[in-house]
Amino acid sequence: MSAARDIVAGALCCIGTFFFLVGTTGLLRMPDVFTRLHPSTKCDTLGACSVIVGMAVYSGWSWELCKLVVIACFLLLSSATCGHAIGRSALRRNIPYWRRQGKETGDGNGA
Amino acid sequence: METALNLTFIVLLVATALMAVWARDLLAAVIIFSVYSLIMALMWQRLQAPDLALTEAAVGAGVTTVLFVVTVFKTRRREEEE
Amino acid sequence: MKRVLSLFFIAALGVLLLYVVASMPPMGDPQTPTATHVIPRYLERAEEETHTENVITGVILNYRGYDTMGEVTVIFCALAAVLAVLGRERRGRIRGFVDRSPVPSSTIVRTMVRFMVPFIILFSVYTILHGEISPGGGFQGGAIIGGSMIIFTTVFGLYESSRRIPQKVRAPLEGSAVIVFFLVGALGLVGGGNFLTYAWPHAARGLQPALVTWLTVLVEVGIGLGGAMVLISILFAMIREEEEIALTA
């Protein structure tokens, strides 16, 4: 029973770490703000929540579980709001979209 | 395993410290410095000093970063070229 | 030449530091001076002497109370220095850069901040009041309150947030950390003990632990409030923009 729980918890944490890795790679590789926003918000929602669910499985029924659920709720709310705020601010400030080579409007930022 | 984790933290700590000093963009330097504070908080937690970890996370990564960002906005974002 | 010389000095310093680190005792070694002199006494007798369950709080506020009082004074001096350079914001006609930002904050962000800030303040109150039992305390809680007000200010602007915590509320509370610390220390003198010992030797035996605990909590609350107000005042002094208002108004 305990071994199975460890395996499930470890697997969930690994999934979370994988999403963090993918999100960070996307953040580094994507060309402009809007496309970068896409992977980096995935990081928080999927990655961190998988890790937290993994830890919840590991802790079992206890007060830690309660705290983890609260942390997950606040994380979901705040990261979604953050993504919204960054995207909206970038849109309102007319930061140019990325276009395929040569057609960039403005200087853009990134490769 | 423990040593590997500690070593990773220390390498990250030194790397972020150097990057914060070398960054030409001061806003980037401030953000890197807040990352430095977060890693430091994790290290305090690993050294079993939760009080210090809490202080470092709240003051170092939170309040100081915002005060630095305000200062950067009020002054100049780029370091002067040599 | 200069570059080579400085590199040489840095390398020499690095080698020296690495040598010292290599000869340091391993972490947690029971034979080191830190673990043999005063620490065992703190760890063994802190609970009965300071009546705080969290030994760190006992050490910070009781054994090394003078030290902490100095730190609190340093924080207050930092505020005094910032205000001496920048000046305090004038009442009623202040704005920060959020107030004149081309991007007004959206309804979603405003709603979320309105929803989150009370929880953050609740957590900071927990950190302050529970600092006597669990990790945390006045400094940490004060920083968290400051952080919550920073979030509020970055979203709602300086005008709104300075209406929530007006200057006439902040100004008297900024020194509360130093004042409460000093007064509680002096209470020890009145009760016949030493400065900052929190102990009243002539008080009834049963009263003693409760008295010490409550005085410690009082000091924590004072530090928390004072620290929070100092941080908020520094933030307000830094981001306000009066000159532009004076030009346009």
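From the N terminus on, the elements of chain B run α-α-α. Chain B has 3 helices and 0 strands, where helices (H or I, at least four residues) and strands (E, at least two) are DSSP runs, numbered from the N terminus. The model is predicted: local features need pLDDT of at least 70, side-chain atom pairs count only at pLDDT 80 or more, and totals for chains, interfaces and linings use all residues. Residues are numbered from 1 along each chain as its sequence is written, while chains are lettered from A and ligands numbered from 1 in the order in which they are written.

The C-alpha atoms of chain B occupy a box of roughly 45 × 25 × 10 Å along the principal axes. Among its 82 residues, 21% count as buried. A residue is buried if 20 or more other C-beta atoms lie within 10 Å of its own, exposed if 12 or fewer, and partly exposed in between, with C-beta atoms placed from the backbone. Of the contacts in chain B between residues at least 6 apart in sequence, 47% join residues at least 24 apart. Two residues are in contact if their C-beta atoms, placed from the backbone, lie within 7 Å.

Chain A also follows the pattern α-α-α along its sequence, and its secondary structure comes to 3 helices and 0 strands. The box filled by the C-alpha atoms of chain A is roughly 60 × 25 × 10 Å, again along the principal axes. Chain A has a radius of gyration of 18 Å, whereas a compact globule of 111 residues would have one near 13 Å. That radius is taken over C-alpha atoms, and the globule rule is 2.2 Å times the number of residues to the power 0.38. In chain A, 14% of the 111 residues count as buried. For contacts in chain A with a separation of 6 or more, residues 24 or more positions apart account for 63%.

How do the chains meet? Chain A and chain B do not touch, and their nearest C-alpha atoms are 14 Å apart. Chain C is in contact with chain A through 7 residues of chain C and 9 residues of chain A. The side of chain C that touches chain A divides into 6 nonpolar, 1 polar and no charged residues. In this scheme Ala, Val, Leu, Ile, Met, Phe, Trp, Tyr, Cys and Pro count as nonpolar, Asp, Glu, Lys and Arg as charged, and the others, Gly among them, as polar.

Of the 2 pairs of chains that touch, chains B and C have the most contacts. Their contact takes 17 residues from chain C and 13 residues from chain B. On the side of chain C that touches chain B, helix H7 (138-164) and helix H10 (207-239) of chain C each supply at least two residues. H7(C) gives the most to that side, with 7 residues. By class, the side of chain C that touches chain B has 12 nonpolar, 5 polar and no charged residues.

Two packed helices are described by the angle between their axes and the distance between the axes. The axes of H3(B) and H7(C) come within 9 Å and cross at roughly 30 degrees. Axes are lines fitted to C-alpha atoms, for helices over the stretch in contact, and angles run from 0 to 180 degrees between N-to-C directions. H3(B) and H7(C) are therefore roughly parallel to each other. Angles under 35 degrees count as roughly parallel, over 145 as roughly antiparallel, 65 to 115 as roughly perpendicular and the rest as oblique. The crossing of H3(B) and H7(C) is left-handed; a crossing is left-handed if the near helix is turned anticlockwise from the far one by less than a right angle, and right-handed if clockwise. Residues of H3(B) in this contact include Leu54(B), Ala58(B) and Val63(B), and those of H7(C) include Phe139(C), Ile144(C) and Ile150(C). By class, the contact of H3(B) with H7(C) has 9 nonpolar, 5 polar and no charged residues.

One residue of this contact can be followed further. Thr55(B) lies in helix H3 (residues 50-74) of chain B. Thr55(B) counts as partly exposed because it has 19 C-beta neighbours inside 10 Å. Not counting residues up to four places away in sequence, Thr55(B) touches Phe139(C), Gln140(C) and Ala143(C).

Within chain C, the axes of helix H5 (residues 65-86) and H10(C) come within 10 Å and cross at roughly 20 degrees. H5(C) and H10(C) are therefore roughly parallel to each other, and H5(C) passes H10(C) in a left-handed crossing.
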